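Visitor: I'm new to this. Could you walk me through a protein model, one feature at a time?

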Amino acid sequence: MKHNHPNESMILQKDKLLFTPGPLTTSRAVKEAMLHDVGSRDAEFINVVHEIRKHLLSVAGVSQTDGYEAILIPGSGTFGIEAVVSSVIPRDGKLLIVINGSYGKRIRDIAERHEIETVAIEVSENTPPDAQQVRRILADDSEITHIAVVHCETSSGILNPSHEIGAVVKEQQRTYIVDAMSSFGGIPLNVAEAGIDFLVSSANKCIEGVPGFSVVIADRLQLLVSDDARSVSLDLLAQWKGLEETGQFRFTPPTHAILAFRQALRELDDEGGVPGRANRYADNHAALVHGMRRMNFREYVPAELQSHIITSFLFPEDPNFEF
Ligand SMILES: *Cc1c(COP(=O)(O)O)cnc(C)c1O
């Protein structure tokens with residue numbers, strides 16, 4: 001790494017490297033992009049937001065012409081999940097949640113708080129949900145309007161079969177919500193091919209920006225009918241309309257985080273887009289597993305279900321081990 005200014009390089013050297021799925025260590029250029037103050041209603045900033053929204057659709061493999069929209073919601077990733085759940089599921093809707101980890105449970109917590117009727121398929125944290133079971137439940141219960149799945153369950157690192165489930169959801173004509181928080185940008189995924197109506201991610205995971213906002217990729221027709229939001233600040237349709245009509249956020253946007261994110265998206269492109277980044281993550285994952293196995297650690301999730309995003313290892317039996 002090249003350091004120009006002695007004081008800055010001292011600060012950067014003191015930072016620990018973050019190996020968490022996010023917030024994570026960002027590049028120097030991403031941090032430097034934040035050394036600017038921009039007005040939230042300036043043409044310059046509006047252009048950045050426009051560029052980011054367009055870029056996000058391309059990361060999702062879709063475009064506005066295909067009928068998709070990218071919406072930015074201030075707050076952490078959970079705010080994006082709550083915006084979707086409380087905006088697009090009607091009061092009399094019913095949500096099927098596939099749960100095999102803490103992020104699936106969090107979706108249920110959010111739905112219950114909004115008094116949405118829920119039903120769950122719960123399996124253990126190292127087991128993938130069965131798409132055929134999803135089909136049976138949907139076929140048997142016509143009251144279920146929406147289904148939510150976590151793509152990469154960050155609690156274990158398991159990769160859930162979001163495509164297979166998507167095919168079932170389309171066949172059964174329900175609305176499909178995917179929490180792709182920790183996979184979007186790091187695992188190739190085409191939102192249209194996976195049959196996803198609402199995908200949620202955030203700025204500080206595989207895109208490698210800084211925390212500050214979440215990202216929703218939405219099927220426009222599904223978005224347009226979701227006019228019964230139970231929150232003012234997390235109203236997904238109103239947020240989209242603001243971004244479309246004036247190019248602006250309704251309320252103060254995280255301006256610096258957005259400048260950083262534009263740089264992060266450019267660096268994703270420079271790395272060869274999502275496939276390029278996925279290759280680097282897969283190499284890192286392989287190196288990690290190799291080294292941990294040499295020290296006699298064993299992975300928790302079976303290799304064929306394991307994502308290259310996060311890897312869980314079993315606590316060793318050795319009495320000398322202390323976490
Ligand atoms: C990180 C993450 C979230 C959101 O967490 P926040 O702390 O709100 O950013 C949601 N789902 C998954 C799968 C995640 O990895």
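Guide: Let's start with strand β1, residues 68-74, where 6 of the 7 residues are buried. Buried means under 20% relative accessible area, exposed means over 50%, and partly exposed is in between (1.4 Å probe, protein chains only). Helices (H or I, at least four residues) and strands (E, at least two) are DSSP runs, numbered from the N terminus. Keep in mind that this is a predicted model, where local features need pLDDT of at least 70 and side-chain atom pairs count only at pLDDT 80 or more, while totals for chains, interfaces and linings use all residues. Residues are numbered from 1 along each chain as its sequence is written, and side-chain values use heavy atoms, with hydrogens and water left out.

Visitor: Which strand is joined to β1 by bridges?

Guide: Strands of a sheet pair through backbone hydrogen bonds, either parallel or antiparallel. Two strands pair if DSSP finds at least two bridges between them. Here 7 bridges join β1 to β9 (residues 213-219), and the two run antiparallel.

Visitor: At what angle do α3 and α10 cross?

Guide: Roughly 40 degrees, and the axes of α3 (residues 43-59) and α10 (residues 255-270) come within 10 Å. Angles under 35 degrees count as roughly parallel, over 145 as roughly antiparallel, 65 to 115 as roughly perpendicular and the rest as oblique. So α3 and α10 are oblique to each other. Their crossing is left-handed, a label used if the near helix is turned anticlockwise from the far one by less than a right angle, with right-handed for clockwise.

Visitor: How do α6 and α7 pack?

Guide: Their angle is about 20 degrees and their axes are 9 Å apart, with α7 covering residues 162-171. That angle makes α6 roughly parallel to α7. This crossing is right-handed. Val134 and Leu138 of α6 are among the contact residues, as are Ile165 and Val168 of α7.

Visitor: Is valine 30 buried or exposed?

Guide: Valine 30 has 1% relative accessibility, so it counts as buried. You'll find valine 30 in α2 (residues 28-32). Leaving out residues up to four places away in sequence, valine 30 touches several others, including Val210, Ala260 and Ala264. For a sense of scale, the C-alpha atoms of valine 30 and proline 90 are 39 Å apart, with 60 residues separating them along the chain.

Conventions. Contact = heavy atoms within 4.5 Å. Axes fitted to C-alpha atoms, helices over the stretch in contact; angles between N-to-C directions.
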